[in-house]
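Try each task before reading its solution.

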Amino acid sequence: MTIWEFETMDWDPWRDLSRMRRRVNRLLGELSGTALGGTFPPLNVSTTGEKAVVTAAVPGINPDELDISVENDVLTIRGSREPEKLQEGERYRRHERDHGPFTRSLSLPFAVDADRVEASYSNGLLSIELPRSEESRPRRIEIKG
Amino acid sequence: MSDETRVSKPERETVVPEPVESEPTYSPAVDIIEKADSVAILADMPGVSRDDVEVVLEKGVLSIDARLGESRTVGMKLQRQEFELGSFHRCFSVGEGLDPEGIEATMKDGVLRLVIPMAERYQPRRIEIKGK
């Protein structure tokens with residue numbers, strides 16, 4: 001082997017554990033039909049009263065092949081991360097990067113105005129801005145009399 | 001290729017302090033693919049642009065360092081967090097079968113791709129058979 005990890009200083013048992021977890025998830029996912037077992041891509045969700053921003057870490061995909069849909073308060077992201085195509089004689093020495101079809105679905109804290117949802121993809125980060133629908137905003141009721 | 005490389009870690013002091021970075025640092029997931037005449041390393045570093053990544057080769061150690069810009073959701077309430085943005089760091093030893101001078105690095109969609117050619121004398125070659 002001509003290249004190996006240089007690990008004198010940064011041995012990290014948690015990293016090894018999380019790799020193992022990914023492998024187990026992938027294996028379970030393969031059995032159940034969704035290759036990435038509902039853990040990929042990892043999502044962050046931030047909100048204000050006006051909107052939600054969902055960020056997904058999906059490096060190395062073609063954003064045109066992502067399927068993003070919104071219905072009421074439910075956001076669904078579908079896509080696939082293709083593995084590197086190996087030529088004959090090529091082989092993996094290390095294979096940690098997840099690949100395969102994935103689906104993530106989130107129920108947001110409020111209903112979303114689907115017509116004004118915007119998504120962008122940059123440097124492997126998918127960012128989706130979801131404005132809160134008018135109907136779901138809290139209204140102050142005037143007390144008469 | 002079993003005969004060519006022996007692991008020899010660089011000499012070092014008896015005590016090496018482990019570095020603690022001033023910000024969270026993560027180890028990127030990598031694929032290493034062995035090809036006929038090169039080795040390719042692919043590293044996932046979501047959020048990192050070409051200008052934010054530094055690849056350094058020193059004394060046979062190839063290190064990848066990347067720094068992230070500021071998150072765009074600053075000031076919002078974080079409701080769910082499955083990944084963190086931070087810096088990335090990982091290093092590899094490059095064996096003598098490879099030609100470190102010829103390393104090529106490209107960055108696309110948050111994936112760093114390094115291609116390290118095999119040293120010429122290790123590359124497969126076809127031997128012509130002489131005679132009639």
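The exercises below concern a predicted model, and they go from a sheet to salt bridges.

**Exercise 1.** Find the order of the strands in the open sheet of three strands in chain A.

*Solution.* Start with the edges: β4 (67–71) and β7 (100–107) of chain A each pair on one side only. The order is β4-β5-β7, with antiparallel pairing. Next, look at β4(A) and β5 (residues 74–81) of chain A, which are joined by five bridges. Here A:E71 stands opposite A:V74.

**Exercise 2.** Work out whether the salt bridge between B:E34 and A:R91 lies within one chain or joins two.

*Solution.* First, check the distance: N to O is 3.6 Å, and the cut-off is 4 Å. Then place the residues. B:E34 lies in strand β2 of chain B and A:R91 in strand β6 of chain A, so the pair joins two chains. Finally, compare accessibility. B:E34, at 9%, counts as buried because the limit is under 20%, whereas A:R91 is partly exposed at 42%.

**Exercise 3.** Decide whether A:R104 and B:E82, which form a salt bridge, are each buried or partly exposed.

*Solution.* The closest N and O atoms of this pair are 2.8 Å apart. The pair crosses between chains, from strand β7 of chain A to the loop between β6 (77–81) and β7 of chain B. A:R104 has 9% relative accessibility and counts as buried; B:E82, at 31%, counts as partly exposed.

**Exercise 4.** Name the residues linked with A:R81 in a network of salt bridges.

*Solution.* A:R81 is linked with A:R97, B:D31 and B:D44. Over all chains, the count comes to 16 salt bridges.

Methods
Residues are numbered from 1 along each chain as its sequence is written. Chains are lettered from A and ligands numbered from 1 in the order in which they are written. This is a predicted model: local features need pLDDT of at least 70, side-chain atom pairs count only at pLDDT 80 or more; totals for chains, interfaces and linings use all residues. Side-chain values use heavy atoms; hydrogens and water are left out. Two strands pair if DSSP finds at least two bridges between them. Helices (H or I, at least four residues) and strands (E, at least two) are DSSP runs, numbered from the N terminus. A salt bridge is a side-chain nitrogen of Lys or Arg within 4 Å of a carboxyl oxygen of Asp or Glu. Buried means under 20% relative accessible area, exposed over 50%, partly exposed in between (1.4 Å probe, protein chains only).
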